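Please read these points with the model open beside you.

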Amino acid sequence: MLVKTFGSAVYGVEAITITIEVNVSAGQHYTIVGLPDNAVKESLQRMESAIKTNDWYMPRIKIVVNLAPADIKKSGSAFDLPIAIGVLGASEQIKEPKRLAEYVIMGELSLDGTVQPIKGALPIAIQARKEGFKGLIVPQANAREAGMVNNLKVYGVTHIKEVVEFFKDETSLRPVEVNTREEFFDAQQQFDVDFNDVKGQENIKRALEIAAAGGHNAILIGPPGAGKTMLARRLPTILPPLSLYEALETTKIHSVAGKLPENSSLISRRPFRSPHHTISDVALVGGGGIPQPGEISLAHNGVLFLDELPEFKRTVLEVMRQPMEERKVSISRAKVAVDFPASFMLIASMNPCPCGFYNHPERECTCPPGAVQKYLNKISGPLLDRIDLHVEVTPVAFSELSNMQVKGEPSSAIRERVIKAREIQTERYKDVPGMYANAQMSSRQLREICAINAAGENLLKRAMEKLNLSARAYDRILKVSRTVADLAGSTGIKVEHLAEAIQYRSLDREGWAG
């Protein structure tokens, strides 16, 4: 007897519906066809054990399982459950097997029939609704994640017996109910850290406020213990809240990568990713035989923090250049090409020299001549070209650290100013698809949007000559000054806005490192 069930395969952040055809006929062996990988082939052993353990019989005749379309590679263990249900249907142990085709079924089986979690439940649910399936059956651990999709009945199961029972009596399982919007908006304001935890460093907080308001990349340069990491970790608390569309997009990426916690629903806060400096190229940008998202995609709509930037391998940093410009990463393999979104804010930190005390107000640098420049040369010019703000971080004085009376400005107050500045930019770029922040301006837009008066031109000219700023600093200064003007609610760029932007170009000054 031939029976069809339906599963789903995830490619990139999208899902493709897979038809699982099971045919039980005369013969003596089991076969899976349709480009299965080893994990899919092994499902026959798990499925057989699960069926026998639960007192059903495994047909001792020929079983052919076809995963269609046959030219797409199938991977992972999530096809165990639909194959097992297909075998039970084809051997008439499930009555009315035609009903199996009304549902998408996904899940990994243990040998005793317990259903284990899978990756990519959210894109699978979106595709199931799109193709008009009556419902989706997934492991209980993934039910809330898939349940975010409206107008689709999602059933969470913990054991294969529950699925078999469901096809006898549909009332045996209740669909998952998730109040996505309420949970999403309630969780948006909950943070474990706050900018008022940071003593002093008002100029650095201001620089990060500008970075958040304009979507600018920034690098923090300072000695060990000055608070670079502490400040960077608090950046997501002042970024505008995620929209529902951004949250869904971010959640899809984390779902595909298997990074969502069990029983979680929408990601409500902007991601903050901080990979170790030993990370490989593929782990950072994504890839593998079956392409998986890397750290830059997991940081989509959030912050990618690279601590101790010069310690990262140069090849790792260089592969990041194109995704930073295009805000997506394209991964091509012989048989598949996928795009992962990668629109993130890069925040990097570094010591000014190998010993960490170059330009320190109190301690002396012990590095030999030329060591500082050699250390800075580990970061290529083209990468620095994509970083708008260079911020020097100095240690906080003991008097400020010990003063318990003075409380810093809370993140909520800074966030309000950032949101207002972003609203101005949203209005400014409303006719440009996919553009929402000043950091994304092209050279042509720069000339139109960042026009400055004669006094501003004069200031910029003197700054470029006196500080020996490189040519690439010119565009960056104009972009940052536009954001400073937006924060001030000014329609035009004033001299004071330019002056503030100029001070955030430390690494462009010739002779900065000696």
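What volume does the second largest cavity have? The answer is about 40 Å³, where a cavity is a set of points on a 1 Å grid over the protein atoms alone at which a 1.4 Å probe fits but cannot get out, and a volume is the space filled by probe spheres set on the points, joined across faces, edges and corners.

1. This is a predicted model, in which local features need pLDDT of at least 70 and side-chain atom pairs count only at pLDDT 80 or more, while totals for chains, interfaces and linings use all residues. Residues are numbered from 1 along each chain as its sequence is written, and side-chain values use heavy atoms, with hydrogens and water left out.

2. The second largest cavity is lined (an atom within 4 Å of a point) by residues including Q188, F191, R269 and R415. The largest cavity holds about 160 Å³ of space, and among its 16 lining residues R270, N301, M345, R422 and Y436 are the closest to its centre.

3. Helix α4 (residues 121-130; a DSSP run of H or I, at least four residues) has 7 of its 10 residues buried, that is, under 20% relative accessible area with a 1.4 Å probe, protein chains only. These are A121, L122, P123, I124, A125, Q127 and A128.

Notes:
Buried means under 20% relative accessible area, exposed over 50%, partly exposed in between (1.4 Å probe, protein chains only). Helices (H or I, at least four residues) and strands (E, at least two) are DSSP runs, numbered from the N terminus. On a 1 Å grid over the protein atoms alone, a cavity is a set of points where a 1.4 Å probe fits but cannot get out, and a pocket is an open set with protein on both sides within 12 Å along at least five of seven lines; lining residues have an atom within 4 Å of a point.
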